[in-house]
Amino acid sequence: MAGGPRRWNPWRAAMEVHDDPSYTIGIGTEPENRRQAVVKIIWISIWFAYMAAPVEDVLGDHHALVGDLLGGAGLVAFVAGYLALVFRHTSRPLERARVLAALGLQMALATALTLTLGGAWLVLFVYVCVAAGAVLPTKLSRVVIPLVTGVLAGLGAMTPGAPEYLAALIIPALLGGFAMNGVRQMALTARALREARATVAHLAANEERLRLARDLHDLLGHSLSLITLKSELAGRMLPGKPEQAAQQVADIERVSRQALVDVREAVSGFRRPTLEAELAGARTALAAAGVVADFSRAATTHPDLAPDEEGALAWALREAVTNVVRHSDARRCEIALTEEGDELCLTVSDDGRGPQGTHGNGLTGLSERLALADGRLETGPGPRCGFRLRAFVPLARASARERPTLSL
């Protein structure tokens, strides 16, 4: 019916090539669904055209009834074993004992049928070579395939009427066996590439989750600390100073809205903070916490500071100021940006309680963020007790002869 669904034709499917890799399948690839299994069987069955000689020998009037029956049963057993080997083990890790036993059985059947029924059955050794190439590793197949071909030649020389088949079988046995070994290697390589691609995708997803976790921690930790601080100030100002309390509430609303924008940008992967914006935020946060801040040596721009490195320093400044406000009980904080060789160093030091045990999530995430920008983090006691954080990022020199200066 025109326009209706087209019935699936396995012969058409075997010959068509689609961009979707799940639709078609090679002889060396393990099928993942019924359609692929049928297509693979069709491709394998094409090569059974070489079985015409033994089939004609069984169906023709060449042997007694018992010979024809035994020959037919042996041929069915041989084909079943061949299909099991090529279909199941081409792209799988070897089950060595089972595979070698099946190949030995195939060899025994081919030898017995050739000796009892004649030279028409020598073609079975070609299929033994193909099966050996399909399931054995390269080093072992290089020994087995010539060995099977040698048995084929020896039996052909001993069997009456075999020379007419022998000349046409030796070369196909060698070529077919080694060609199938190449197919096996390609199948294993394709499998390894698919697994590697899945691993890369998994690692990329993990890295994105880590990035999002770092961004959310840095963004929300700073903003929520400022909101909490201003909420406490507004509570202390009420009811005696309603106008000042209203100003604090307005600041809380502004910080909350900005935090929402920052979170949306972080989730989208577009946020890249700047030193200028973070220095302005640091002034506001430190003033609200009652900490005297010294920004006299803090620059906002540098001609050799790349955007990614500037973003890493901006995150470092945000994390350092958040820790000063939340944990240090400091009265004074000094922030400086200085050149040290080919690096730009951000230093945030306070006169608070000093280092308290191991790093938390914030400093750990900051170390990772700086490492992505080829930078590093140093923490420890400050020059006047307290705590000092130093973040370093490399500078991209425009010219070795020019000595850029900080713009204040």
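Reader: Let's start with Y82: buried or exposed?
Author: Y82 is buried, at a relative accessible area of 4%. Buried here means under 20% relative accessible area, exposed means over 50%, and partly exposed is in between (1.4 Å probe, protein chains only). This is a predicted model, so to speak of a local feature takes pLDDT of at least 70, side-chain atom pairs count only at pLDDT 80 or more, and totals for chains, interfaces and linings use all residues. Residues are numbered from 1 along each chain as its sequence is written, and side-chain values use heavy atoms, with hydrogens and water left out.

Reader: OK, what does Y82 form with Y127?
Author: An aromatic pair, edge-to-face, with 5.3 Å centre to centre and 90° between the planes. Rings of Phe, Tyr and Trp (its six-membered ring) pair if their centres lie within 6.5 Å; planes under 30 degrees apart are stacked, over 60 edge-to-face, and the rest tilted. The structure holds one such pair.

Reader: And where do the two tyrosines of that pair sit?
Author: Y82 is in helix α4 (residues 65–89) and Y127 in helix α6 (residues 124–135), 45 residues apart. Helices (H or I, at least four residues) and strands (E, at least two) are DSSP runs, numbered from the N terminus. Y127 counts as buried too, at 4% relative accessibility.

Reader: Zooming out, how many helices and strands are there?
Author: The protein chain has 12 helices and five strands. Of its 408 residues, 42% are buried. It exposes about 22,300 Å², and carbon and sulfur atoms supply 61% of that; accessible areas come from the Shrake-Rupley method with a 1.4 Å probe, and for residues only the protein chains shown count as cover.

Reader: Which residues touch the most other members in the largest nonpolar core?
Author: L313, I335 and L346, out of 42 residues in that core. A nonpolar core is a set of buried Ala, Val, Leu, Ile, Met, Phe, Trp, Tyr and Cys residues joined through side-chain atoms within 4.5 Å. The elements that each supply at least two residues include α8 (163–237), α10 (275–288), β2 (332–340) and β3 (343–350). The largest share, eight residues, comes from α11.

Reader: Is that core on its own, or what else is there?
Author: Another core lies apart from it, with 40 residues, among them V99, L117, V135 and L169. In soluble globular proteins, nonpolar side chains tend to be buried together.

Reader: Back to I335, what does it touch?
Author: Leaving out residues up to four places away in sequence, I335 touches a list that includes L279, F295, L317, V321 and L346. A contact means heavy atoms within 4.5 Å.

Reader: Switching to charges. How many salt bridges does the whole structure have?
Author: A search finds 10, a salt bridge being a side-chain nitrogen of Lys or Arg within 4 Å of a carboxyl oxygen of Asp or Glu. One of them joins the side chains of R318 and E278 (3.1 Å, N to O). R318 lies in helix α11 and E278 in helix α10, so the pair ties together parts that are 40 residues apart in sequence.

Reader: Are R318 and E278 buried or exposed?
Author: R318 counts as buried at 7% relative accessibility, and E278 is buried at 6%.

Reader: What about R376, which partners does it meet?
Author: R376 meets E343 in a salt bridge at 2.6 Å, N to O, and E378 in another at 3.6 Å. R376 is partly exposed, with a relative accessible area of 34%, and E378 is partly exposed with 33%. Salt bridges with shared partners join E340, E343, R376, E378 and R390 into one network.
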